[in-house]
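Hello,

Here is the structure I promised to pass on. Please open it first, then read my notes below.

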Amino acid sequence: MNERPPQPVTIEACPNGPLLVRGDVQLVDGQGDPIERRRRTIALCRCGSSAIAPFCDGSHKAIGFVTSP
């Protein structure tokens, strides 16, 4: 088998944008059911306006979302 070693999990808060999640992490919904991952890096919405929540669709730019300092 060609298994890769586990990748550490990192979460980066982009200024005025999403949370970028990298590494071996499993996302689950409010009922504990897994959410399918299609990419290595996941952008999670923080503005609440994404049409594809919990993922970011860039809506933060259109609504002028600003994070607190």
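A salt bridge here is a side-chain nitrogen of Lys or Arg within 4 Å of a carboxyl oxygen of Asp or Glu. Keep in mind that this is a predicted model.

By that rule, there are two salt bridges. One joins the side chains of Glu36 and Arg38, with N to O at 3.7 Å. Glu36 and Arg38 are both exposed.

The other pairs Glu12 with Arg22, at 3.2 Å from N to O. Glu12 sits in strand β1 (residues 10-13) and Arg22 in strand β2 (residues 19-22), so this pair ties together parts that are ten residues apart in sequence. Glu12 is partly exposed, at 38% relative accessibility. Arg22 is partly exposed too, at 31%.

Last, Ser50. Where is Ser50 found? Look in the loop between β3 (42-44) and α1 (59-63). Is Ser50 buried or exposed? Ser50 has a relative accessible area of 11%, which is under 20%, so it counts as buried. Its side chain reaches two backbone atoms: the oxygen of Phe55 at 2.5 Å and the nitrogen of Ala53 at 3.5 Å. Leaving out residues up to four places away in sequence, Ser50 touches Cys45, Phe55, Cys56, Asp57 and Ser59.

Best wishes

Definitions and conventions: Residues numbered from 1 in each chain as written. Predicted model: local features only at pLDDT ≥ 70, side-chain atom pairs only at ≥ 80, totals over all residues. Heavy atoms only, no water. Helix = DSSP H or I, 4+ residues; strand = E, 2+ residues; numbered from the N terminus. Buried < 20%, exposed > 50% of the residue type's maximum accessible area, 1.4 Å probe, protein only. Polar contact = N/O pair within 3.5 Å; in protein donor to acceptor, adjacent residues only side chain to side chain. Contact = heavy atoms within 4.5 Å.
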